[in-house]
Amino acid sequence: MNAVQTVLVVDDEKQNRMLLAELIKDDCRVILAKNGQQAIERAREQHPDLILLDVMMPEMTGYVVIQALKQDDETRRIPVIFISALDSPADEERGLDLGAVDYITKPFHPSIVRKRVRNHLQSVHQRNLLENLAMIDSLTEIANRRRYDEALETEWRRATRTGVPLSLMIVDVDHFKAYNDRLGHAQGDDILRRIARTLRVFVRRPGDLVARYGGEEFVMLLPNVEADAALDIANEIRIAVETLQLPHPASPVAPWVTISLGGTTMVPQEGTIDPDFFKQADNTLYAAKEAGRNRAIWHGEGR
Ligand SMILES: [Mg+2]
């Protein structure tokens with residue numbers, strides 16, 4: 001297992017918290033909460049991989065806590081194991097009905113608790129691996145369009161909240177069909193990999209994302225980057241690709257592979273993504289193509 005996983009242990013009794021933490025601390029990082037309110041806060045802030053949740057707690061019972069967790073997008077997918085002194089099948093059934101993945105009764109057997117936690121962490125790890133695989137473009141090994149769609153949702157919402165600009169760039173390989181026709185698809189695939197690798201270098205800040213949008217088209221999402229700065233980045237990318245001097249015997253633009261780039265910058269005003277966002281970027285890409293390719297144009301800039 002590569003990354004260290006985190007488990008949130010929730011119990012109103014200190015002795016139980018310490019006992020549980022001691023049992024599992026070799027397999028994960030442990031964070032603690034002593035009541036329901038604290039549990040919900042920690043879960044939201046730290047996104048643990050698993051929660052061990054005591055049922056019997058004053059003020060807010062474990063049943064109430066799990067319902068709150070399941071209603072919140074930030075926490076609803078975190079698996080919860082109930083720890084309870086209530087050991088009737090009805091209690092266990094209620095816990096599982098509320099969405100718990102497991103139910104452990106007190107007093108617990110240390111080795112069983114440890115093994116169950118280990119098993120659940122293993123499934124979380126496998127689920128994450130699968131999800132990551134589903135978000136990666138297999139040819140270029142950068143993010144795929146699905147990952148881009150999700151990132152756009154997240155960044156659009158974040159920018160709406162914080163009032164900062166969001167920039168979108170579309171990158172297209174010039175005369176790529178002619179390249180494939182002349183040199184074959186295997187060589188064409190290699191060009192896409194080389195360009196993806198070059199684009200990746202320009203992912204510099206958290207939130208920046210480069211993805212393969214489809215065919216020979218790539219997108220780059222740049223949160224909190226103004227139009228002029230984004231256009232500078234677009235030109236740096238254009239030059240970086242040209243500098244590779246990958247021979248393109250079928251291009252009327254240059255003896256090597258070039259790209260065209262179009263982009264736009266918006267300050268999102270409301271939660272739903274403005275369809276003009278992509279359209280503007282796409283229009284400027286088209287304008288860059290029309291103007292002779294191997295250039296970058298930004299919506300409202302440099303025209
Ligand atoms: Mg208790």
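**View 1. Helix 7 and helix 8 are oblique to each other.** In this predicted model, helix 7 (residues 176-183) packs against helix 8 (residues 185-200) at an angle of about 135 degrees, and their axes lie 7 Å apart. Axes here are lines fitted to C-alpha atoms, for helices over the stretch in contact, with angles running from 0 to 180 degrees between N-to-C directions. Oblique is what remains once angles under 35 degrees (roughly parallel), over 145 (roughly antiparallel) and 65 to 115 (roughly perpendicular) are set aside. From helix 7 come Phe176, Tyr179, Asn180 and Leu183, which meet His185, Gln187, Gly188, Ile191 and Leu192 of helix 8. Five of the residues in this contact are nonpolar, four are polar and none is charged. Nonpolar covers Ala, Val, Leu, Ile, Met, Phe, Trp, Tyr, Cys and Pro; charged covers Asp, Glu, Lys and Arg; the others, Gly among them, are polar.

**View 2. Asp12, Asp54 and Met56 are the protein donors of the magnesium ion.** Take a look at the OD atoms of Asp12 and Asp54 and the O of Met56, 2.1 to 2.2 Å from the ion. Donors are N, O and S atoms within 2.8 Å of the metal (3.2 Å for Na, K and Ca), and sites may look incomplete since water is not among the atoms. Along the chain the donors follow the spacing D-x41-D-x1-M. Aspartate 12 sits in the loop between strand 1 (6-10) and helix 1 (14-24), while aspartate 54 is in strand 3 (residues 50-54), 42 residues apart. Aspartate 12 counts as partly exposed because its relative accessibility is 27%, whereas aspartate 54 is buried at 2%. Buried means under 20% relative accessible area, exposed over 50%, and partly exposed in between (1.4 Å probe, protein chains only).

**View 3. Aspartate 172 is a buried residue of strand 6.** Strand 6 spans residues 166-173, and aspartate 172 has 9% relative accessibility, so the residue counts as buried. Leaving aside residues up to four places away in sequence, aspartate 172 touches Glu216, Glu217, Thr258, Ile259, Ser260, Leu285 and Lys289. Contact means heavy atoms within 4.5 Å.

**Notes for all views.** Helices (H or I, at least four residues) and strands (E, at least two) are DSSP runs numbered from the N terminus. Residues are numbered from 1 along each chain as its sequence is written, and side-chain values use heavy atoms, without hydrogens or water. As the model is predicted, local features need pLDDT of at least 70 and side-chain atom pairs count only at pLDDT 80 or more, while totals for chains, interfaces and linings use all residues.
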